[in-house]
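Open the model in your viewer and keep the selection panel at hand. The tour goes from one selection to the next.

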Amino acid sequence: MMDETAPALRALFGSAPWSALPLSDTGGAARVPTMLTQAEQQLYFWLARDWARGAGAIVDLGCFAGGSTARLAEGRRQAGHAAPLHAFDRFTATPRVKKRVLYPAGIPPFEGNDILPLAQHLLAPWQGQIRLHPGEIEDSLWPGAPIEILAIDAAKSTAVLDAIAEMFFPSLIPGASVVIQQDYFHWRQPWIAVQMERMADCFAPLAICPDATAVFMCIRTPDAAALARGACDRLSDADLAAGLAAARQRMAGFGQEARFDRMLAALAANPGERVSWRFIPPVADSA
Ligand SMILES: C[S@@+](CC[C@H](N)C(=O)[O-])C[C@H]1O[C@@H](n2cnc3c(N)ncnc32)[C@H](O)[C@@H]1O
(Lines give C-alpha, C1' and ligand atoms only; values in the text may rest on other atoms or scores of the structure.)
Protein backbone atom coordinates (compact mmCIF):
# COMPACT_ATOMS: atom_id res chain seq x y z
CA MET A 1 0.00 0.00 0.00
CA MET A 2 2.81 2.39 0.88
CA ASP A 3 4.30 2.00 -2.60
CA GLU A 4 1.07 3.18 -4.21
CA THR A 5 0.35 5.95 -1.75
CA ALA A 6 3.86 7.13 -0.99
CA PRO A 7 4.11 10.02 -3.48
CA ALA A 8 0.70 11.42 -2.53
CA LEU A 9 1.41 10.97 1.17
CA ARG A 10 4.83 12.56 0.90
CA ALA A 11 3.35 15.50 -0.99
CA LEU A 12 0.63 15.91 1.64
CA PHE A 13 2.99 15.79 4.62
CA GLY A 14 5.63 17.78 2.76
CA SER A 15 3.23 20.70 2.45
CA ALA A 16 2.76 20.73 6.27
CA PRO A 17 -0.98 21.44 6.07
CA TRP A 18 -1.19 21.56 9.89
CA SER A 19 0.84 24.75 9.97
CA ALA A 20 -2.07 26.69 8.47
CA LEU A 21 -4.50 25.63 11.22
CA PRO A 22 -5.46 28.34 13.68
CA LEU A 23 -4.81 27.18 17.24
CA SER A 24 -8.37 28.27 18.00
CA ASP A 25 -9.50 25.18 16.03
CA THR A 26 -8.20 23.08 18.92
CA GLY A 27 -10.99 24.45 21.13
CA GLY A 28 -10.71 23.61 24.82
CA ALA A 29 -7.49 21.68 24.22
CA ALA A 30 -5.66 25.00 23.87
CA ARG A 31 -6.22 25.56 27.61
CA VAL A 32 -4.34 22.41 28.66
CA PRO A 33 -0.68 23.17 29.49
CA THR A 34 1.80 21.48 27.21
CA MET A 35 5.51 21.28 26.51
CA LEU A 36 4.77 20.97 22.78
CA THR A 37 5.70 23.83 20.45
CA GLN A 38 2.89 25.56 18.59
CA ALA A 39 3.82 23.67 15.40
CA GLU A 40 3.68 20.34 17.24
CA GLN A 41 0.30 21.22 18.73
CA GLN A 42 -1.02 21.88 15.23
CA LEU A 43 0.54 18.66 13.95
CA TYR A 44 -0.95 16.45 16.69
CA PHE A 45 -4.39 18.01 16.23
CA TRP A 46 -4.26 17.75 12.43
CA LEU A 47 -3.19 14.12 12.52
CA ALA A 48 -6.10 13.19 14.77
CA ARG A 49 -8.75 15.31 13.04
CA ASP A 50 -7.80 15.48 9.38
CA TRP A 51 -5.45 12.59 8.67
CA ALA A 52 -6.61 9.66 10.82
CA ARG A 53 -9.39 7.41 9.50
CA GLY A 54 -10.29 5.82 12.81
CA ALA A 55 -8.43 2.64 11.82
CA GLY A 56 -7.03 2.09 15.30
CA ALA A 57 -6.31 3.58 18.69
CA ILE A 58 -4.40 6.77 19.35
CA VAL A 59 -1.63 6.17 21.90
CA ASP A 60 0.18 9.04 23.63
CA LEU A 61 3.34 7.95 25.44
CA GLY A 62 4.41 10.72 27.83
CA CYS A 63 1.29 12.83 28.20
CA PHE A 64 2.55 14.85 31.22
CA ALA A 65 -0.39 17.03 32.39
CA GLY A 66 -2.44 16.07 29.32
CA GLY A 67 -1.40 18.70 26.76
CA SER A 68 -0.57 16.40 23.85
CA THR A 69 -3.44 14.08 24.79
CA ALA A 70 -5.96 16.95 24.76
CA ARG A 71 -4.88 18.06 21.25
CA LEU A 72 -5.20 14.48 19.99
CA ALA A 73 -8.52 13.94 21.78
CA GLU A 74 -10.06 17.16 20.48
CA GLY A 75 -8.93 16.32 16.94
CA ARG A 76 -10.43 12.89 17.24
CA ARG A 77 -13.65 14.29 18.73
CA GLN A 78 -14.06 16.73 15.85
CA ALA A 79 -13.36 13.93 13.34
CA GLY A 80 -16.09 11.84 14.99
CA HIS A 81 -13.98 8.70 15.30
CA ALA A 82 -14.79 6.20 18.00
CA ALA A 83 -11.33 4.62 18.26
CA PRO A 84 -10.03 4.89 21.83
CA LEU A 85 -7.22 7.18 23.03
CA HIS A 86 -4.74 5.82 25.57
CA ALA A 87 -2.33 8.09 27.43
CA PHE A 88 0.62 6.72 29.39
CA ASP A 89 2.78 8.56 31.93
CA ARG A 90 4.14 8.24 35.42
CA PHE A 91 2.23 11.50 36.10
CA THR A 92 4.77 13.22 38.30
CA ALA A 93 6.34 16.67 38.03
CA THR A 94 9.40 18.05 39.78
CA PRO A 95 9.25 21.50 41.44
CA ARG A 96 11.34 22.81 38.53
CA VAL A 97 8.91 21.52 35.88
CA LYS A 98 5.92 22.78 37.86
CA LYS A 99 7.50 26.23 37.98
CA ARG A 100 8.64 26.21 34.34
CA VAL A 101 5.56 24.72 32.66
CA LEU A 102 2.50 24.50 34.87
CA TYR A 103 2.42 27.73 36.89
CA PRO A 104 3.10 30.04 33.91
CA ALA A 105 0.15 28.29 32.20
CA GLY A 106 -2.14 29.35 35.04
CA ILE A 107 -2.16 26.21 37.21
CA PRO A 108 -2.29 27.33 40.86
CA PRO A 109 0.79 26.23 42.87
CA PHE A 110 0.32 22.87 44.60
CA GLU A 111 2.22 20.60 46.97
CA GLY A 112 3.89 17.35 46.00
CA ASN A 113 4.83 15.83 42.66
CA ASP A 114 1.68 13.87 41.81
CA ILE A 115 0.00 15.35 38.71
CA LEU A 116 -2.47 12.53 38.01
CA PRO A 117 -5.39 14.42 39.62
CA LEU A 118 -4.41 17.53 37.63
CA ALA A 119 -4.29 15.58 34.34
CA GLN A 120 -7.66 13.98 35.15
CA HIS A 121 -9.14 17.41 35.83
CA LEU A 122 -7.67 19.01 32.70
CA LEU A 123 -8.79 16.12 30.50
CA ALA A 124 -12.32 16.02 31.96
CA PRO A 125 -13.87 17.57 28.79
CA TRP A 126 -12.87 14.37 26.93
CA GLN A 127 -13.83 12.02 29.74
CA GLY A 128 -14.98 8.68 28.42
CA GLN A 129 -12.80 9.00 25.32
CA ILE A 130 -9.44 8.79 27.07
CA ARG A 131 -7.96 6.05 29.23
CA LEU A 132 -5.05 7.14 31.41
CA HIS A 133 -2.37 4.55 32.26
CA PRO A 134 -0.35 5.81 35.26
CA GLY A 135 3.03 4.21 35.95
CA GLU A 136 6.23 3.36 34.16
CA ILE A 137 5.51 2.71 30.49
CA GLU A 138 7.96 -0.19 30.38
CA ASP A 139 5.92 -1.92 33.12
CA SER A 140 2.61 -1.38 31.31
CA LEU A 141 0.73 -3.71 29.03
CA TRP A 142 -0.67 -3.16 25.57
CA PRO A 143 -3.22 -5.77 24.53
CA GLY A 144 -2.17 -5.72 20.88
CA ALA A 145 -5.08 -3.67 19.53
CA PRO A 146 -4.25 -1.81 16.29
CA ILE A 147 -2.73 1.66 16.71
CA GLU A 148 -3.25 4.37 14.09
CA ILE A 149 -1.32 7.23 15.76
CA LEU A 150 1.55 6.46 18.13
CA ALA A 151 2.99 9.61 19.73
CA ILE A 152 6.25 8.98 21.59
CA ASP A 153 7.73 11.52 24.01
CA ALA A 154 9.09 9.18 26.65
CA ALA A 155 12.05 7.34 25.09
CA LYS A 156 14.43 9.00 27.53
CA SER A 157 16.73 5.99 27.79
CA THR A 158 17.70 3.15 25.46
CA ALA A 159 16.00 0.67 27.81
CA VAL A 160 12.67 2.50 27.58
CA LEU A 161 13.14 3.09 23.85
CA ASP A 162 13.45 -0.67 23.29
CA ALA A 163 10.57 -1.48 25.65
CA ILE A 164 8.28 0.95 23.82
CA ALA A 165 9.20 -0.52 20.44
CA GLU A 166 8.60 -4.08 21.66
CA MET A 167 5.27 -3.25 23.26
CA PHE A 168 3.67 -0.94 20.71
CA PHE A 169 5.31 -1.32 17.27
CA PRO A 170 3.76 -4.77 16.58
CA SER A 171 0.32 -3.04 16.73
CA LEU A 172 1.07 -0.62 13.88
CA ILE A 173 -0.84 -1.04 10.63
CA PRO A 174 1.28 -0.96 7.47
CA GLY A 175 0.31 1.94 5.23
CA ALA A 176 -2.13 3.30 7.81
CA SER A 177 -0.25 4.14 11.02
CA VAL A 178 2.01 7.05 11.82
CA VAL A 179 4.62 7.27 14.56
CA ILE A 180 5.38 10.72 15.98
CA GLN A 181 8.90 10.70 17.42
CA GLN A 182 8.74 13.93 19.41
CA ASP A 183 12.41 13.81 20.43
CA TYR A 184 13.86 12.52 17.16
CA PHE A 185 16.31 15.44 16.74
CA HIS A 186 16.97 16.01 20.45
CA TRP A 187 20.70 15.85 21.19
CA ARG A 188 20.05 14.10 24.50
CA GLN A 189 18.33 11.17 22.81
CA PRO A 190 20.44 10.22 19.79
CA TRP A 191 19.20 6.61 20.03
CA ILE A 192 15.77 7.45 18.57
CA ALA A 193 17.17 8.29 15.13
CA VAL A 194 19.35 5.19 15.33
CA GLN A 195 16.41 2.91 16.09
CA MET A 196 14.26 4.32 13.30
CA GLU A 197 17.20 3.88 10.93
CA ARG A 198 17.87 0.29 11.96
CA MET A 199 14.19 -0.38 11.23
CA ALA A 200 14.20 1.58 7.96
CA ASP A 201 12.39 -1.26 6.21
CA CYS A 202 9.44 -0.68 8.58
CA PHE A 203 9.28 3.13 8.74
CA ALA A 204 9.39 5.82 6.04
CA PRO A 205 10.04 9.44 7.11
CA LEU A 206 7.14 11.73 6.19
CA ALA A 207 7.74 15.09 7.85
CA ILE A 208 9.62 16.99 10.48
CA CYS A 209 8.19 19.61 12.78
CA PRO A 210 10.01 22.02 15.07
CA ASP A 211 11.30 21.68 17.65
CA ALA A 212 12.59 18.13 17.40
CA THR A 213 9.76 16.02 15.95
CA ALA A 214 9.88 13.61 13.03
CA VAL A 215 6.84 11.74 11.71
CA PHE A 216 7.10 8.28 10.15
CA MET A 217 4.66 6.10 8.23
CA CYS A 218 4.71 2.44 9.16
CA ILE A 219 5.31 0.59 5.90
CA ARG A 220 5.78 -2.87 7.43
CA THR A 221 4.73 -4.00 10.88
CA PRO A 222 7.92 -4.73 12.82
CA ASP A 223 8.31 -8.44 13.54
CA ALA A 224 10.62 -10.05 16.10
CA ALA A 225 13.62 -9.82 13.76
CA ALA A 226 13.01 -6.12 13.04
CA LEU A 227 12.61 -5.39 16.76
CA ALA A 228 15.85 -7.22 17.54
CA ARG A 229 17.61 -5.21 14.84
CA GLY A 230 16.16 -1.96 16.16
CA ALA A 231 17.07 -2.59 19.80
CA CYS A 232 19.62 0.01 20.93
CA ASP A 233 20.28 -0.79 24.59
CA ARG A 234 23.25 -3.04 23.93
CA LEU A 235 24.75 -1.10 21.05
CA SER A 236 28.22 0.37 21.43
CA ASP A 237 28.87 4.07 20.97
CA ALA A 238 30.42 3.24 17.59
CA ASP A 239 27.23 1.38 16.54
CA LEU A 240 25.11 4.36 17.62
CA ALA A 241 27.37 6.76 15.71
CA ALA A 242 27.12 4.57 12.60
CA GLY A 243 23.32 4.52 12.95
CA LEU A 244 23.27 8.31 13.24
CA ALA A 245 25.41 8.63 10.11
CA ALA A 246 22.98 6.42 8.20
CA ALA A 247 19.97 8.32 9.55
CA ARG A 248 21.58 11.59 8.57
CA GLN A 249 21.89 10.33 5.00
CA ARG A 250 18.29 9.13 4.79
CA MET A 251 16.97 12.36 6.34
CA ALA A 252 19.18 14.63 4.21
CA GLY A 253 16.17 16.04 2.37
CA PHE A 254 14.92 17.62 5.60
CA GLY A 255 18.02 19.82 5.94
CA GLN A 256 18.79 19.02 9.59
CA GLU A 257 22.57 18.64 9.31
CA ALA A 258 23.27 20.79 12.35
CA ARG A 259 20.95 18.67 14.51
CA PHE A 260 22.78 15.49 13.46
CA ASP A 261 26.14 17.19 14.14
CA ARG A 262 24.94 18.00 17.64
CA MET A 263 23.64 14.48 18.30
CA LEU A 264 26.98 13.02 17.19
CA ALA A 265 28.91 15.51 19.34
CA ALA A 266 26.69 14.73 22.34
CA LEU A 267 27.25 11.01 21.86
CA ALA A 268 31.02 11.58 21.80
CA ALA A 269 30.81 13.77 24.92
CA ASN A 270 28.86 11.11 26.84
CA PRO A 271 30.59 7.76 26.25
CA GLY A 272 28.49 4.81 27.33
CA GLU A 273 25.66 7.01 28.61
CA ARG A 274 22.17 5.76 27.75
CA VAL A 275 19.94 7.98 29.92
CA SER A 276 18.98 11.39 28.53
CA TRP A 277 18.94 13.42 31.75
CA ARG A 278 22.51 12.40 32.51
CA PHE A 279 23.78 13.71 29.15
CA ILE A 280 26.12 16.68 29.42
CA PRO A 281 26.13 19.17 26.52
CA PRO A 282 28.88 18.76 23.92
CA VAL A 283 31.85 21.11 24.35
CA ALA A 284 30.87 23.24 21.33
CA ASP A 285 27.74 24.28 23.26
CA SER A 286 29.69 25.89 26.06
CA ALA A 287 32.29 27.54 23.79
C1 LIG B 1 8.41 15.98 27.67
S2 LIG B 1 7.22 15.33 28.70
C3 LIG B 1 5.80 15.13 27.70
C4 LIG B 1 5.09 16.39 27.34
C5 LIG B 1 3.66 16.19 26.93
N6 LIG B 1 3.53 15.35 25.77
C7 LIG B 1 2.99 17.52 26.72
O8 LIG B 1 2.22 17.67 25.79
O9 LIG B 1 3.21 18.42 27.54
C10 LIG B 1 7.72 13.66 28.88
C11 LIG B 1 6.81 12.85 29.78
O12 LIG B 1 7.21 11.50 29.68
C13 LIG B 1 7.03 10.91 30.95
N14 LIG B 1 7.90 9.75 31.00
C15 LIG B 1 9.22 9.69 30.66
N16 LIG B 1 9.67 8.44 30.81
C17 LIG B 1 8.64 7.70 31.24
C18 LIG B 1 8.50 6.32 31.60
N19 LIG B 1 9.52 5.46 31.49
N20 LIG B 1 7.29 5.89 32.03
C21 LIG B 1 6.25 6.77 32.15
N22 LIG B 1 6.33 8.07 31.83
C23 LIG B 1 7.51 8.53 31.38
C24 LIG B 1 7.40 12.00 31.94
O25 LIG B 1 6.75 11.74 33.17
C26 LIG B 1 6.89 13.26 31.23
O27 LIG B 1 5.62 13.62 31.68
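The model is predicted: local features need pLDDT of at least 70 and side-chain atom pairs pLDDT 80 or more, while totals for chains, interfaces and linings use all residues. Residues are numbered from 1 along each chain as its sequence is written, and side-chain values use heavy atoms, without hydrogens and water.

Within the shell of 17 residues, highlight Thr34, Met35, Gly62, Ser68 and Asp89, which come nearest to the ligand.

At Met35, a backbone N or O atom lies 2.8 Å from a ligand oxygen. Move to Arg90, where a polar backbone atom is 3.2 Å from a ligand nitrogen. At Ile137, the distance from a polar backbone atom to a ligand nitrogen is 2.9 Å. The ligand alone exposes 600 Å², of which the protein buries 92% (Shrake-Rupley method, 1.4 Å probe).

Now leave the ligand and select the cysteines. How many disulfides does a search of the whole structure find? It finds zero, a disulfide being a pair of cysteine sulfur atoms within 2.5 Å. For Cys218, the nearest cysteine sulfur is that of Cys202, 6.6 Å away. Cys218 is also buried (under 20% relative accessible area), at 0%.

End at Cys232. Its sulfur is 13 Å from the closest cysteine sulfur, in Cys202, so the two are too far apart for a bond. Cys232 is buried as well, with a relative accessible area of 0%.

Key: A residue is near a molecule or strand if one of its heavy atoms lies within 4 Å of it. A polar contact is a pair of N or O atoms within 3.5 Å; within protein, one must be able to donate a hydrogen and the other to accept it, and residues adjacent in sequence count only if both atoms are side-chain atoms. Buried means under 20% relative accessible area, exposed over 50%, partly exposed in between (1.4 Å probe, protein chains only).
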